[in-house]
Amino acid sequence: MAHDVRHEVRGVIAPGKNEPVRVETILVPEPGPGEALVQVRTCGVCHTDLHYKQGGINDEFPFLLGHEAAGVVEAVGDGVADVAPGDFVILNWRAVCGLCRACLRGRPQYCFNTHNATQRMTLTDGTELSPALGIGAFAEKTLVAAGQCTKVDQAASPAAAGLLGCGVMAGIGAAINTGGVGRGDSVAVIGCGGVGDAAIMGARLAGAARIIGVDIDPRKLETALRLGATHTVNAAEADPVEAVRELTGGFGADVVIEAVGRPETYRQAFYARDLAGTVVLVGVPTPEMTLELPLLDVFGRGGALTSSWYGDCLPSRDFPMLIDLYLQGRLDLDAFVSETVGLDDVEAAFDRMHAGDVLRSVVVL
């Protein structure tokens, strides 16, 4: 431990698999070398946190949940130069190392050795906590690696800015970074939840001419239209592959983004793209899922089948740029904030998220 001082704060923990979350007193150390102590301002309630609670990530309970966050740096440890106390930052889970084989090849967005804080946050009895995605931001303060802090313009709304820390960045990046959507392209997005809607917004930013939102929930399709879709397809009422083809001259979309993470929707994405088109998988499958496709179709249709990790983002590059677009009125991040809640409301927020009633609940501290 770098220092004896520990900060007593409130935080939301998942004590065990599928157990209700609860608010506990958390002890947060002073930052050691390469670390930063962040006063959390906001943190989005993301589906990944629910996966942690359900034991879908690993069994290293108890977890300190929350990772989609913005806040203010309170203190930094030795050797930290990129951020300083008082900086308004978005937290990220890709603190690039600069030394792994991906970084050395000039592809830091794929860094294979991202780092987290060395010291552990604990409960008052000394029980060590596992911070979600190395962040743990459903807490008044959190300790992270300094590289997990990306400084952005403090004029941005914390509730909106923090969403770039995970879901919104994943969707925008799936369209712009991974899918390479360009001017005049046709794009289909299968799954119009938070990530899918962000992909729609990203496709619009990139200049796509036709953006087709596909879902089985009419409410989500209405939201997709508000956020930039030019057309929608209710997959409960029509074959989505045929519908996408009809909307693209019979050919299929140039880029199809699968934001559900299921074999059946991935097959739809595969056949809804044009020849030599691109399929981007950004929805997260579960471990038992498998996919079967005729190999001749994979060969004969050409193009690219790719997955998108965190929107293939580089936080130091993408977060400030997207915040600038937000402040210019060109990226409506506020549209993703369905409600603001407190730490005591996280369990209920999970229920609303699971029911599809919100794009994002945001915890405000």
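Arg-219 and Asp-217 pair up through their side chains in a salt bridge, with N and O 2.9 Å apart. Keep in mind that this is a predicted model. Asp-357 joins in too, giving a salt-bridge network made up of Asp-217, Arg-219 and Asp-357. Across the model, the count comes to 13 salt bridges, and a few of them are picked out here.

- Arg-219 has a relative accessible area of 42%, so it is partly exposed.

**A buried pair: Arg-360 and Glu-68**
- Arg-360 makes a salt bridge with Glu-68, and their closest N and O atoms sit 2.7 Å apart.
- Arg-360 is in the loop between helix 11 (346–354) and strand 18 (361–364), while Glu-68 belongs to strand 5 (residues 68–76), so this bridge ties together parts that lie 292 residues apart in sequence.
- Both ends are tucked away: Arg-360 is buried, and Glu-68 is as well.

**A partly exposed pair: Arg-120 and Glu-128**
- Arg-120 and Glu-128 also form a salt bridge, with 3.6 Å between the closest N and O atoms.
- Arg-120 counts as partly exposed because its relative accessibility is 33%.
- Glu-128 is partly exposed too, at 47% relative accessibility.

Key: Residues numbered from 1 in each chain as written. Predicted model: local features only at pLDDT ≥ 70, side-chain atom pairs only at ≥ 80, totals over all residues. Heavy atoms only, no water. Salt bridge = Lys/Arg side-chain N within 4 Å of Asp/Glu carboxyl O. Helix = DSSP H or I, 4+ residues; strand = E, 2+ residues; numbered from the N terminus. Buried < 20%, exposed > 50% of the residue type's maximum accessible area, 1.4 Å probe, protein only.
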